[in-house]
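I opened my notebook to look at the ligand sites, one at a time. Here is what I looked up, in the order I wrote it down.

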Amino acid sequence: MLAVVPPPVTVRVPSKINLHLSVGDVRDDGYHDLTTVFHALSLTDEVTVFSTPDAGIEVSGEGAKLVPTDDSNLAMRAVRALAEHVGKPDEANRVRVVIRKGIPVAGGMAGGSADAAAALLACSTLWNLDLHRDELAEVAATLGSDVPFALYGGTALGTGRGEQLVPVLSRHTFHWVLAFDQRGLSTPKVYGELDRLREVGDPPRIGSPEALLEALASGDPRRLALLLGNDLQAAAVSLRPGLRRTLRAGVTAGALAGVVSGSGPTCAFLCTDGDSALKVAAELAGAGVCRTVRVAHGPVPGARVCDE
Ligand SMILES: C[C@@](CO)(OP(=O)(O)O)[C@H](O)COP(=O)(O)OP(=O)(O)OC[C@H]1O[C@@H](n2ccc(N)nc2=O)[C@H](O)[C@@H]1O
Ligand SMILES: Nc1ncnc2c1ncn2[C@@H]1O[C@H](COP(=O)(O)OP(=O)(O)O)[C@@H](O)[C@H]1O
């Protein structure tokens with residue numbers, strides 16, 4: 001009898017920015033305790049998994065050449081972690097993963113984490129596992145601090161190393177312009193640079209997110225703009241001084257405010273509405289301060305299976 005091959009499964013998954021990223025001191029395990037507000041954006045990756053003896057990984061799109069296609073790829077690590085979690089480690093050897101990237105690589109927008117989250121949901125569907133998102137999130141947290149958020153999306157308060165999540169009320173769709181830099185920045189290097197800056201001085205800390213959470217609930221982008229903050233921004237700017245110019249250029253172009261996304265170097269600019277975002281994007285693209293620009297809105301849902 002012929003075995004039935006399940007049809008491929010495609011999952012679309014959002015990027016994230018951190019509206020608020022407060023970084024505590026370095027812990028004994030090398031991580032930093034965070035208080036962060038994640039916000040999922042409409043700039044997405046797509047991950048398709050195929051059941052096939054021709055296992056492997058293919059990547060196309062934004063920054064594809066920079067993404068590993070061996071077992072270190074976060075999506076492939078996710079496939080293996082899920083197969084082991086359900087006690088069928090060999091299943092991972094029969095999966096082909098195809099990634100179409102829209103999220104910049106090493107851009108502070110959690111693209112690798114997004115692909116891992118997408119691969120978890122896609123394989124859970126391919127293998128008919130019927131797992132609850134919370135169980136997938138437990139596996140996700142073993143892969144990286146940002147991976148659970150990509151499963152849930154929306155806007156969420158993250159604590160611990162970023163993996164403990166509580167949804168946040170956000171009434172409004174916010175409009176953003178994203179400025180991609182020429183090259184990425186390494187997340188551990190940016191955290192290391194913040195530790196160094198804190199050893200030699202006393203860079204300001206952004207404090208607690210209460211006011212920002214109230215601004216989100218109000219839905220007023222002008223209120224939110226005043227409260228965007230990121231403790232890693234000083235470290236990212238220290239490693240990539242040109243980001244100062246990018247941040248200024250976005251505001252000159254008409255954005256309400258700009259912030260470095262996570263560990264950078266992508267800068268996110270909040271705009272009053274969708275039309276303003278298009279104007280800011282056009283002007284910023286002509287300012288010569290970044291490699292490319294995108295418009296996006298948020299919050300959007302987390303990883304979702306696409307109906308084809
Ligand atoms: C900075 C943030 C903000 O959301 O995002 P990105 O800019 O990378 O997208 C995250 O904290 C990145 O999370 P993620 O990229 O999943 O990091 P992980 O793989 O868990 O850790 C990579 C490395 O970052 C540092 N790290 C990460 C998280 C954390 N709370 N403290 C840390 O010090 C550690 O050096 C760790 O070895
Ligand atoms: N599927 C993937 N997509 C992007 N990067 C990946 C992936 N798998 C592994 N990586 C590695 O993870 C690093 C961090 O990438 P990414 O998650 O895009 O950025 P960030 O941590 O800044 O949000 C990259 O330099 C790349 O080598």
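**Entry 1: ligand 2.** I started with where ligand 2 sits, and the space it takes is the largest pocket. I kept in mind that this is a predicted model. I then listed the neighbours: 20 residues surround ligand 2, with Ala106, Gly108, Ala110, Gly112 and Asp115 the closest. By class I noted 10 nonpolar, eight polar and two charged residues in that shell.

Next I checked which elements take part. Strand 4 (95–101) and helix 2 (111–126) each supply at least two shell residues, and helix 2 gives the largest share, three residues.

Asn73 uses a polar side-chain atom, 3.2 Å from a nitrogen atom of ligand 2. I also wrote down the cover: the protein hides 79% of the 550 Å² of accessible area that ligand 2 has on its own.

**Entry 2: ligand 1.** I moved on to ligand 1, which sits in the largest pocket. Strand 1 (9–26), strand 2 (32–51) and helix 5 (187–200) are the elements that give two or more residues to its shell. Of the 22 residues around ligand 1, His32, Ser145, Thr187, Tyr191 and Ser263 come nearest.

Why does ligand 1 lie between domain 1 and domain 2? I found that domain 1 (9–168) and domain 2 (174–298) both give residues to its shell, so ligand 1 lies between them.

Last, I noted a polar side-chain atom of Thr187 at 2.8 Å from an oxygen atom of ligand 1. The protein covers 83% of the 690 Å² of accessible area that ligand 1 has on its own.

Terms used. Residues numbered from 1 in each chain as written. Chains lettered and ligands numbered in written order. Predicted model: local features only at pLDDT ≥ 70, side-chain atom pairs only at ≥ 80, totals over all residues. Heavy atoms only, no water. Near = heavy atom within 4 Å. Polar contact = N/O pair within 3.5 Å; in protein donor to acceptor, adjacent residues only side chain to side chain. Areas by Shrake-Rupley, 256 points an atom, 1.4 Å probe, with all protein chains shown as cover. 1 Å grid on protein atoms, 1.4 Å probe; cavity = no way out; pocket = protein on both sides within 12 Å on 5 of 7 lines; lining within 4 Å. Sits in = over half its atoms within 2 Å of the grid points. Helix = DSSP H or I, 4+ residues; strand = E, 2+ residues; numbered from the N terminus. Domains from an automatic or database assignment. Nonpolar A, V, L, I, M, F, W, Y, C, P; charged D, E, K, R; others polar.
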